[in-house]
Each structure stands twice: as structure tokens, then as C-alpha cells.
Amino acid sequence: MKKLWMALVVIVVLVGIIFGWLKLGYLKGPLAVHEGQLTMSQLTAPVNVYTDDYGVPHVYAENEEDLFFATGYLQASERLYKMDIIARAVEGRFAEVFGPDLIEDDKYLRVWGFYRIAQNVVNNMPPESLEMLERSCAGINYYIDTHADDLPVEFKIVGHEPIRWKPEHVVGYARLMGHDLCLAWMPEVIFGGVLDKLGDDKARELYPVYPDTKPYIVPQAPENFSAVAEKIFVSEQRIRALTSAGGSHIGSNSWVLGGSMTKSGQPILSNDPHLQFSQPATWYEMHLVGGRFDVSGVTFAGIPLVILGQNQHYAWGFTNVMVDDTDFYVEVTDAEHPDQYFYDGKWLDMTIHDELIPVKGADPVLFKVRETHHGPIINDVHKVLKENESPPIAMSWVGNYLSNEVQAFLELNLATNWDEFSTAVAKFWIPGQNMIYADLEGNIGWRPAVALPLRAPGTGLVPLPGDDPQWDWQGFVPFDEMPYQYNPDQGYIVTANNKTIGDEFPYYISAYWEPPARANRINELLRVPGKLYTVEDMQEIQLDYLSDHARDLVPIFVDLLEELDLKEPGLRSAYEALRSWDYVMGKEAVAATVFNTLWVKFAYNLYGDEMDLIGPAFKDGFFKLANISIRNAIFLLEHIPESSWFDDVSTENIIETPLMILERSLKEAVADLEARFGKDPQDWNWGQLHTLTHEHPMAKIKLLDKLLNLNVGPFPAAGSGTTVNNMEYRMYDPYDVVLGPSVRHIYDFADFQKGGLSVLPTGQSGNPRSPHYADQAQLYNTGQYRVMPIDAQTIRNAGYKHLVMSP
């Protein structure tokens, strides 16, 4: 026994030593340098970096070449692993480090062709844009070279080296974001799958989700398109998990008030873009000063310009336009012409791209991407079984066209007035954004930064015949014919992914808009008679948790439930909570818990049985695009209560009604809540069920999370995807928060030099050991902000850490 105890002690000591070595030694990773001096041979003059109390660098360079070199170096020092994931997504090189399981994902990425597109853009790029990217990439690669023996912890865990950056990675990143923020193709896949598998009547009853748009006039889906749709959703789920681009309400809030609306008499601009929460945070904050530049705000690490922010003249913000920038075409081929397609009466050769995919521990895989003039063939990735073969389907996407968003961002960073801002916006095509504007002269404005395809009348929500030229895009709407607002009479502008352009606009924009809940609520709060608004009011609006969607749907539910004799205590309590609710989804709100669980159960009972007939990934994809069910359910309840969607196809000899589906859903919701929290409804607090965790991709390995504290959270969360303070959960995997404000910005032009108010969900750094890994989380979760100054004297005298980069 003595020997056994001695052996156990030795084992425990050894495990402790190994654990400590991992945590404190090998796995610690390099911390970014914020003070002192660094010597860099590629600089031509000293660069001064003042890093504030939250790790945000204010970079002062004597010329632009050094400014962008330093920018690349600083971004890599805090976010290199996330940048490497992005570079691998751009090239389609995940299998190279993660093995054969990701071959199909690499194929899918290469079909989208982000790197091929980027090569074309770089080859046609203006010299000043290319030189800037080359300097930024040189800074990134200098960091990689000087830290080859001590890379960030994730590289040590996975056991690979980072990709060296080139301008193509920066441009490809912009195109990848175009993919991530493009959800307009999903309704086309969904309606095509429904039409193929469930028939025309079902598709048309689902279609009134978009009652204010032209109906589709192509009444036939491609043969077996539902099988193709299922495979597309499988690939999308996997890719978006890798790049942290999940969620369905991928949009934003923005509004700008003119001086007539504010207490100070000067504009106030507010913006909070909604993206998937992840760790590290999506955005990287920077202030860049050198040459022509003096600009502050947020960017994506790897991109050397500010994407959202302010310079010394104006501020700007973004929301997603929700433009329909994608169409699918069913190409005509046959066995005698496998790499040709029939178009306008003749056979044409496809363009063939031979893609060599490196694979960890295996031979490289050669993959052939076929492309027509419409775009790449998307269903070559997953070969559907022979007996279920579908025709080749090509994807036409604005992102495949030649445009230069890098030059657009460069000009946005340098603009000094509305005209220069507008000139920059005209160059921006992908991803389509509503850009709001305010300047020191008191002007406010809005422009859609988007390429809007010119389509045949009636083009809609199912794949189109590829052999008929009438369905091809006929170019793009000229920029000078696009709508805009400049100092509107109403004194303010709101964009929240809602329909922003009236029916008088002659061109088709989209059949895919966010439900108007957030936009309605923002407008409601900005239309208080006689009120003059302050920055504090803007903060309250950004943090608002009233759900306009619940305000529309709950009265319908309550009216239906009044027909039932709800004697069971739990059911009665749930009904009473809904009946007396103020529609505010606070953390303590019992009614918010009841409503959200009831809504999810109701939506699944309404649509889920039909979606099961198509496939599990398709079903998840349908509920991922929550906008369809949110808008269509209300439409069916109010206008088509006899709709076949209410009937449960899995039951026999009974046709379900809306009331029967609602009663079933209420019972399921209450049973779920009682199983989770007990029978006392006072314990059904929304913040207990609805929590926010910022997940690091490697935290799925529990030992690593324990060693390194990779995840940030969980935190109780209010709201939902239909509140201004968007805290979206996945309907197919409720109720954890997955998406919301990725940064909050407010710019007050009464004190513009002070700088904007800003807050990130977690922090600047991607290093778990950094004090700036999660030091903004408390501010974010409690609705607080921090100032990001742009005045040079204020910054130099603030006591910030000071780093000198010297030649």
C-alpha cells in the first residue's frame, strides 16, 4: 500500500507539472508588445503607437507605407490565428491542416472561388490600392517570421504554420464577407426545394412572406433540386461554423439624426452591425494617422483600413441592404457534351478550373470546377446518386464580377464631404450595404452601396432556365439611378435591413427583407412629439428590448387560446403571462420565456413536418432563415387559416387547424419549461434560458478550455432576434444567443473631436492570456460604452502605453 500511495503521489505530481508546463509554458503564446521599442528593418521612419486601457492602438506614422506596415504587424500580433482561418477559407485549404474530413468543405469554397476572384481583382487594381495591401501584408508576414518559434497557442495545438499573406487574401476576405452576409440566395434554394418536393400549392402559400414583391413566374423547379438543396445546406452549415458566420438575422441597426432632431443642434449617428458572436471578437479597433489618413473605428484583422468609423470630417455606418445578388441557372448538358452547355441555340465550352487540394496525411485531391457564363456549377461538389441525378446548376453572384472594394474603403477613409463619400460608395459592390453619413457641416445622408442586377421582369425565387438568354442579367442599375437621401425633410434616417426603398423604384431589389420589427421600433422611439434627442437617448435605443414581432403575434395567439378551456395550472399561467405582457424581453421576464418557447414549438409544428420530407439539413436551413417563418406564420394566421401548412402530414385521418397546432405547441412549451425549471412559472426567467457565450473554436476540447479559459461567458441575456438590441438564438438549436451587435458605435457631432462611443462584445486580443481578451465584456453586457478619442494631443497626454517602432 505504501508503494501504491507513493506511485499515486508521483503520478499526481507529474500530472501537475505537465499541466503547469502546458498552461504556463508551452501553451501560453506570445503577448502583443504595447510599450518600449521594436526595431523593424522594413520601416523608413519611426512609428509611434499609443495603446489605450483596452488595448486599442492609435498608430502615428510619418508616411503611409510605414502606417500600413505597422497596421499589418499590429493586427497579426493580436489576431493571427483568426486571420489564418480566414486565409484558409479564402483559398479553400482547411484539409491541409485538419485532414480528409474537410475535403468537401474545401471543394465548396473553391466552387465559390474567392481566391480566383481575388486574383482577378488584384491584377486590375489601381497602384495605390495594391501598394497599400502589399505593405500591410509585409507587416503581417514580418510578424510571422519574427515569431516562428513562438506562434499563438492555436498553432501549437493544431501543429501547423500560418499562411503567409498576399493582397489576394485581403481581397478574398472582402469576397468571403460578401458570401457570409449574403443570405438572399437561401430563399431561392428553399422555394426551389419546396416546389420540387412539396409542390406548387405549398410553395405559393409559403411565398406570401414577401407580399409586396413580384410573384415568381417560373413554375417549375429543376428535377431533384431538393436533393441539391439539402447538400448545399450541409456545406453552408459547416463553412459558416468554421468562419463564425452563423445566424439568420445577419443585418444591423443604423440611424442618423440631423440637428433639428437633437438637443445640441448637431447630428448624432448610431450603428450596431449584427454578426455571429465568437471569440476573439469579430472587429478589431484601430486609429490610423499617417500621410493623408486620420481615421478611427473598427476593421477586420487582415484588412488595413477602417470599415466603420470616423475621420476628422465625418462618420459613417453600415447595415445590410439584403439585396438579391444571386440567381441560380439550370444548365442544359448531355453525356456527349459533359463539359459543354447549351445556350441560345448552340453548344458552348465551360471554363474548367483544375483545383489541387492539399490534404493532411494523404495525397492531394484534384477537383474540377466547371463554370458557365452564369457562374460556377455548384452541385459538382456533392455528386448526388445516379438515380437522383440533378442537372448542373450554375450560380450567378455579384461577387464574381470585377469590382474594387479596397479602393472604395480607401476613399471612404479619406473622404471629407458628401460628394467624396458618394464617389467612394459608387465603387462598393459586395456585400451590398446601406451606408449612412453625417458630417461636421451638419449634413446627414444615406446611400445604398450595392450592385443591383438588371433582371427580366418577374424573376423570382426559384432557379431559372440556363439555356434561354431572356433570364440572363443585363448589366447593373447605373449608380446615378439608385435612390439616396440627403438632408431629408423628416430630419432623420433609419436602416435596419428592412425595405428601405418604396415601390416607385422601377427595379427589382430583393424579395428578402428582414421582418420590420427592429425598424418599426426604432422609428417609434424617434417619433416622440416635441422630443430633442441626446447621446443618452441613442444608448437607450441601442439597448431596447421590446419585440415588435411579439406585439404583432401575441394578440393572435391570445385570441385563439381564449377558445380553449385551459384548466391545467401551467397552461393557464403561460396564457396569463402572455395576455398581460408588455412585450419587453427582459432577463427576468417570464412572458418572454413563454413566448419564445411557444413560438419555436409553433413554428416547428407548422412547418417542420413538411421540411422533414426534404431532409434534416434543409429543415435546419429553413429555420435558420427565421425571417420566412416569422413573416409567413402571421400571414397564414391572418389571411389563410385554412392553409395546408397547418395540417400535420405525419398524422392520419385528421386535418389540423391553427388552434390545434397552437394548443399542441403550448402544451409542449409548458412541458419543456417545467422540465427545465420546475412547475413554478416565477422561475421561468428568460435570462436563465437565454444565455450568451462567446465561443472559441478550440473550446470544444474541454481540457483546452479548462487550461486556457478560451470561452467568455455564459452571461444571462435579454432580447431576441426581433428586438433592437438583437440577441438572436437559432430556432433549430434554441435558446443560446448566437448573434447580435458586434460593436456599438455612437458619434456625437456636438463634441466630435472627443471621439466616438464604442464597445466590443469581449475585447481586442485573441490571446487568452492578454488582459484585453475579454475586458470589454462587462461594459457590453451592462450597456456601457468607452470613448475612442481622435484628438492627437488628448491621445499623447492620456497616459497610454507607448511603443516606438523604429527602422
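**Close-up views of side-chain contacts**

**View 1. Arg-447 and its aromatic neighbourhood.** The charged end of Arg-447 lies over the ring of Tyr-484, 4.3 Å from the ring centre (a charge sits over a ring if NZ of Lys or CZ of Arg is within 6 Å of the ring centre and within 35 degrees of the ring normal). Tyr-484 belongs to one aromatic cluster with Tyr-314, Trp-316, Trp-418, Phe-421, Tyr-437 and Tyr-486. Rings of Phe, Tyr and Trp (its six-membered ring) pair if their centres lie within 6.5 Å, and planes under 30 degrees apart count as stacked, over 60 as edge-to-face and the rest as tilted. A word on what you are looking at: this is a predicted model, where local features need pLDDT of at least 70, side-chain atom pairs count only at pLDDT 80 or more, and totals for chains, interfaces and linings use all residues. Residues are numbered from 1 along each chain as its sequence is written, and side-chain values use heavy atoms, with hydrogens and water left out.

**View 2. Arg-796 over Tyr-60.** Here Arg-796 covers the face of Tyr-60, at 4.6 Å from the ring centre.

**View 3. Phe-114 and Trp-397.** The whole structure holds 40 aromatic pairs. In this one the ring centres of Phe-114 and Trp-397 are 6.2 Å apart and the planes stand at 85 degrees, so the pair is edge-to-face. Phe-114 lies in helix α5 (residues 114–123) and Trp-397 in strand β15 (residues 393–397), so the pair ties together parts 283 residues apart in sequence. Helices (H or I, at least four residues) and strands (E, at least two) are DSSP runs, numbered from the N terminus. Phe-114 counts as buried at 1% relative accessibility, and Trp-397 counts as buried at 0% (buried means under 20% relative accessible area, exposed over 50%, partly exposed in between, with a 1.4 Å probe and protein chains only).

**View 4. The salt bridge of Arg-116 and Glu-355.** The closest N and O atoms of Arg-116 and Glu-355 are 2.9 Å apart (a salt bridge is a side-chain nitrogen of Lys or Arg within 4 Å of a carboxyl oxygen of Asp or Glu). This pair links helix α5 with strand β13 (residues 351–359), 239 residues apart. Both Arg-116 and Glu-355 are buried.

**View 5. The salt bridge of Arg-164 and Asp-145.** The side chains of Arg-164 and Asp-145 meet at 2.5 Å, N to O. Arg-164 lies in the loop between α7 (153–158) and α8 (167–180) and Asp-145 in helix α6 (residues 127–146), so the pair ties together parts 19 residues apart in sequence. Arg-164 counts as partly exposed at 43% relative accessibility, as does Asp-145 at 46%.
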